[in-house]
Amino acid sequence: MASEIKIGNLKVGYSNPPVIIAEIGINHAGSLDTAKKLADLAAENGADIIKSQFHIPSEEMSPAAKSVVPPHTKQSIYEIIEDCSLTPEEEYHFKLHIEELGKQYLCTPFSSKAAHLLGEMNVSAFKIGSGECSNNAVLEASAIYKKPMIISTGMNTIKSVKKTCEFIRNFIEDAFMLMHTTNLYPTPEHLVRLEGIRELQSIVGNSRVGLSDHTQSNLACLGAVANGAVILERHFTDSKEREGPDIINSMTPSELRDLKKESFLMFKMRGGTKKNE
């Protein structure tokens, strides 16, 4: 199994300090200017990777989604995504802005069309969301570009995750990682289930598992590092006062600074045995 994976100029693996992903997602509320300002803050406060979400509502959702209202919002999921989407041109300019900051750009496609557009942008890697973990159409549309893939697993069983791994290996061999995830926003502590990290490690090895966290503090991420996570993802905002469905589980600049510092310390603490004394 691969000892590390390269995402752009970043080396991700068990022997390396944890890589931090600041997930801006839809916290920009559809504004490219806001997205750039959030990226600036994320870069200044320790993010290694700055992540976006590439939504094309008509490609990823049926009309029935217009009547589906998530429990933590008042709008339908279709309306939320429609209001918070950047155009393909704006997404490309956002990518360039992040790269000009000296950071790695990462993005989640929610449809095959979005995946192909990202591939044409020559992204360094693809991030696959939990909802697409078993979506072979989106997986293949991403994998044919032969870039590393980071795959969240929150809506899947160990059995379905293994099937995804088998499918992806046909395209990129072992150049992919799995993210333990709980898809509740925010995630209550008793449903974080960090033992899931070890279960995923048993499938792909210690150097290829991380945590995509939806709690309201850094604690789960630090526990994940203690359990061997090599990459950490949290949503990011400039202020908890900003409106948006993901703000409640987003970290602020000061929390990002703390995560960068404390995850490195936890990385130094993990490993070793009593024989080392």
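This is a walk through a predicted model, one selection at a time.

**Stop 1: Val 19**

Start by selecting Val 19, which sits in strand E3, residues 19-25. Val 19 counts as buried, because its relative accessibility is 4%.

**Stop 2: the salt bridges**

The model has 10 salt bridges.

Select Asp 213 and Arg 234. Their closest N and O atoms are 3.7 Å apart, and the two form a salt bridge. Asp 213 belongs to strand E9 (residues 209-213) and Arg 234 to strand E10 (residues 231-236), so this pair ties together parts that are 21 residues apart in sequence. Are these two side chains buried or exposed? Asp 213 is buried, with a relative accessibility of 4%, and Arg 234 is buried at 1%.

Move on to Glu 255 and Lys 240, a salt bridge in which the closest N and O atoms are 3.8 Å apart. Glu 255 is in helix H10 (residues 253-269), while Lys 240 is in the loop between E10 and strand E11 (250-251); the two are 15 residues apart, and the pair links distant parts of the chain. Glu 255 has a relative accessible area of 19%. Buried means under 20%, so Glu 255 falls in that class. Lys 240, at 35%, counts as partly exposed.

Next, show Glu 23, Lys 51, Lys 127 and Glu 233 together. Salt bridges with shared partners join these four residues into one network.

The last pair is Asp 174 and Arg 169, whose side chains meet in a salt bridge with an N to O distance of 3.0 Å. Asp 174 is partly exposed at 26% relative accessibility, and Arg 169 is partly exposed at 30%.

**Stop 3: helices H5 and H6**

Colour helix H5 (residues 112-120) and helix H6 (residues 136-143). Their axes come within 8 Å and cross at roughly 10°. Angles under 35 degrees count as roughly parallel, and H5 and H6 are therefore roughly parallel to each other. To see the contact, show Ser 112, Ala 115 and His 116 on H5, then Ala 137, Val 138, Ala 141 and Ser 142 on H6. What kinds of residue make up the contact of H5 with H6? Four are nonpolar, three are polar and none is charged.

**Stop 4: helix H8**

Select helix H8, residues 195-204. Its buried residues include Gly 196, Ile 197, Leu 200, Gln 201, Ile 203 and Val 204. They lie on the same side of H8, because they cover an arc of only 155° around the axis. As a general point, an α-helix has 3.6 residues a turn, so residues three or four places apart point the same way. Turn to the other side of H8, where Glu 195 and Ser 202 are exposed.

To find what the buried residues of H8 pack against, show helix H7 (158-172), strand E8 (176-181), E9 and helix H9 (219-226). E9 is the strand that holds Asp 213 from the second stop. After H8 comes Gly 205, with a positive phi near 100°.

**Stop 5: backbone details**

Most residues other than glycine have a negative phi, and most peptide bonds are trans. The selections below depart from that pattern.

- Select Tyr 185 and Pro 186: the peptide bond between them is cis, with omega near -5°. Pro 186 is in the loop between E8 and H8.
- Select Asn 122, a residue other than glycine with a positive phi, near 60°. Asn 122 is in the loop between H5 and strand E6 (126-128).
- Select Glu 173, which is not a glycine but has a positive phi of about 55°. Glu 173 lies in the loop between H7 and E8, and it counts as exposed because its relative accessible area is 61%.

Technical notes. Residues numbered from 1 in each chain as written. Predicted model: local features only at pLDDT ≥ 70, side-chain atom pairs only at ≥ 80, totals over all residues. Heavy atoms only, no water. Buried < 20%, exposed > 50% of the residue type's maximum accessible area, 1.4 Å probe, protein only. Helix = DSSP H or I, 4+ residues; strand = E, 2+ residues; numbered from the N terminus. Axes fitted to C-alpha atoms, helices over the stretch in contact; angles between N-to-C directions. Parallel < 35°, antiparallel > 145°, perpendicular 65-115°, else oblique. Contact = heavy atoms within 4.5 Å. Nonpolar A, V, L, I, M, F, W, Y, C, P; charged D, E, K, R; others polar. Arc of directions from axis to C-beta.
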